[in-house]
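Here is a short briefing on one protein model. Look at the structure first, then read the points below.

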Amino acid sequence: MNRIFGSKPSGPKPTLSGAITNIDTRIASIDTKLKALNGELSAYQEKLSKLREGPGKQAIKQKALKVLQRRKAYEAEKEKLEGQVWNMEQASSMQDNLKNVMTQVDAMKTTKKELQKQYGKIDIDKIEQLQDEMADLMDVGNEIQESLARSYDIPDEVDEAELDAELEALGMEQELEMEMGGAVPGFLQDEVMPEFVDEPPQTEDKVKEAAG
């Protein structure tokens, strides 16, 4: 079978970039030929401008016409090849875009799996319970702060009227004690000397004499 139909090629498969390179090479070859044909036409034009009408001039015209026909054929072939290159470049661009899209899709699939794996470890009920417990702890903390900041039962400031009333009441109590017992209140009595002191305290006059 291989002898009839030939063996299957074992080389690498053709690619768009390889095909574009081959066609560009052919276009470059055609450009070289067109340049040579344009040179021939210029030479024929120069000869025709110097010749008079006659068989010789007609022969050169025929040669120039053949060169012109060849140039048009090459130009038409070049135009077709350039169209093919354009189409293949567009296809190659679409292929590259498709590869980029597939890469993005694969990356998104991988990211999705990772997110599902991570979020699967999270229990929403536990998070809500934790939030409730944190709120309760915040309330307890606020109550503790309010309790520590509470002032003790310190009496309010006493105004002058209340002070006068207290002093007047104290004076009346002292007078009542004097009338009832004749005793002088303890805080108004003279200081009693302790038994271990031998000499009585000196008066103000004796202190002045000792100093003089």
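The crossing of helices α2 and α3 is left-handed: the near helix is turned anticlockwise from the far one by less than a right angle, whereas clockwise would be right-handed. This is a predicted model, where local features need pLDDT of at least 70, side-chain atom pairs count only at pLDDT 80 or more, and totals for chains, interfaces and linings use all residues. Residues are numbered from 1 along each chain as its sequence is written, and side-chain values use heavy atoms, without hydrogens and water.

**The helix pair**
- Helix α2 covers residues 16–50 and helix α3 covers residues 55–119.
- Their axes (lines fitted to C-alpha atoms over the stretch in contact) come within 8 Å and cross at roughly 160 degrees.
- That makes α2 roughly antiparallel to α3 (an angle over 145 degrees).
- The contact of α2 with α3 has 20 nonpolar, four polar and 16 charged residues.

**Residue L34**
- L34 lies in helix α2.
- L34 is buried, with a relative accessible area of 9% (buried means under 20%, with a 1.4 Å probe).
- L34 touches R71, Y74, E75 and K78, leaving aside residues up to four places away in sequence (contact means heavy atoms within 4.5 Å).
- L34 and V67 are 33 residues apart in sequence, and their C-alpha atoms are 9.8 Å apart in space.

**Confidence**
- The protein chain averages a pLDDT of 78, and 74% of the residues score at least 70 (pLDDT is the predictor's confidence in each residue, from 0 to 100).
- Among the elements of the chain, α3 has the highest mean pLDDT (90) and helix α6, residues 204–211, the lowest (51).
- Where pLDDT is low, the predicted coordinates should not be read in detail.

Technical notes. Axes fitted to C-alpha atoms, helices over the stretch in contact; angles between N-to-C directions. Helix = DSSP H or I, 4+ residues; strand = E, 2+ residues; numbered from the N terminus. Parallel < 35°, antiparallel > 145°, perpendicular 65-115°, else oblique. Nonpolar A, V, L, I, M, F, W, Y, C, P; charged D, E, K, R; others polar. Buried < 20%, exposed > 50% of the residue type's maximum accessible area, 1.4 Å probe, protein only.
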